[in-house]
Amino acid sequence: MPRRRVDGVLLLDKDVGRSSNAVLQHAKRLFNAAKAGHTGTLDPLASGLLPICFGEATKFAQLLLDADKSYLAKLHLGVTTKTGDAEGEVIERREALSQQDSFEAVLPRFLGTISQQPPRHAALKYQGRSYYEYAREGVDIPRPAREVSIRSLRSGAWEPPYVELAVECSKGTYIRVLAEDIGAALGCGAHLAALRRTATGGFNLADAVTLDALETMSSEQRDATLLPADSPCAALPRCDLSTTEAGALLEGRSVARPAMAEGVVRAYSAHRFVGVAEVAAGVLRARRLLANSDG
């Protein structure tokens, strides 16, 4: 059966044990979609919210890749592993911290802009190869530290040696590195035992659907779960255009907007989504537009 054009955003509740690409391909087959892409990788160990963009919505996926994320993490205190998570070989065991107030006392050290060294087992590239390829071969490579922002840290269920931690953070934050660094600050070590993404880019896990649920639906029911193609752009200011102005943008011409504040906007014409444009020096220029204005 030929692939069909599907435009929109699926809020998927990814299960544990499969890669983000594997669940993306599964969803793409279920929708028989011609084009799809996810908006931020979750490791096989992790579960939770994985927005998948179909068709024209893929043009705006970068907005979700760049968005802040929220997670519910489970830390295993007293045990460190090679990979910083539960899949790695245990390299050290210590007596786990037993006082919750002592745990909470170190959390403020990790709030705000902090420096993180990416883990050895990461998908980042060095000289054309992924970090994890070098790690598997036992080869040490430079792993420059990166600045990330931790907006909020809140401890949850306390069942030593396990503790839950709610994290709100910027893109590029490695929660397993955060777990390791907190463990080091506590003096007992720690690793990431489980991870669940709860929110990203204004989307929440409560609104997501599982692959198992999608399997039971008809094609029409599946299509009804999709959000419109402009969903990733919801946080941007709205700009309404006349039909003539929208046509100008679609033809690569600029539109005068002397009174508008500078920045990126989501553009509409006749209540239909046109795409994303940018205002600079009173002029509106297209950045990413839909192939047509149906949205």
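**Sheet, Edges and Cores**

Visitor: What makes β14 and β16 paired strands?

Guide: This is a predicted model. Two strands pair if at least two bridges are found between them. β14 and β16 (residues 263-269) have 4 bridges, in the parallel sense, so by the rule of at least two bridges they count as paired. Within this pair, L241 has S269 of β16 as its bridge partner.

Visitor: Which sheet holds these strands, and in what order?

Guide: They belong to an open sheet of 5 strands with mixed pairing, ordered β14-β16-β17-β18-β15.

Visitor: Why are β14 and β15 said to stand at the edges?

Guide: β14 (238-241) and β15 (255-256) each have a single partner strand, so one side of each lacks a neighbour in the sheet.

Visitor: What makes a group of residues a nonpolar core?

Guide: Its members are buried residues of nonpolar kinds such as Leu, Phe and Ile, joined through side-chain atoms within 4.5 Å. The largest such core has 45 residues, and L10, F54, L75, L77, F103 and I182 have the most contacts inside it. Apart from it lies another core of 13 residues, including V265, A267, V274 and V279.

Visitor: Which residues does L77 contact, leaving aside its neighbours within four places in sequence?

Guide: Among them are L97, F103, W158, V163 and L186. Contact means heavy atoms within 4.5 Å, so each of these residues has a heavy atom within that distance of L77.

Visitor: How much of the protein chain is buried?

Guide: Buried residues make up 47% of the 295 residues; each of them has under 20% relative accessible area.

Methods: Residues numbered from 1 in each chain as written. Predicted model: local features only at pLDDT ≥ 70, side-chain atom pairs only at ≥ 80, totals over all residues. Heavy atoms only, no water. Buried < 20%, exposed > 50% of the residue type's maximum accessible area, 1.4 Å probe, protein only. Helix = DSSP H or I, 4+ residues; strand = E, 2+ residues; numbered from the N terminus.
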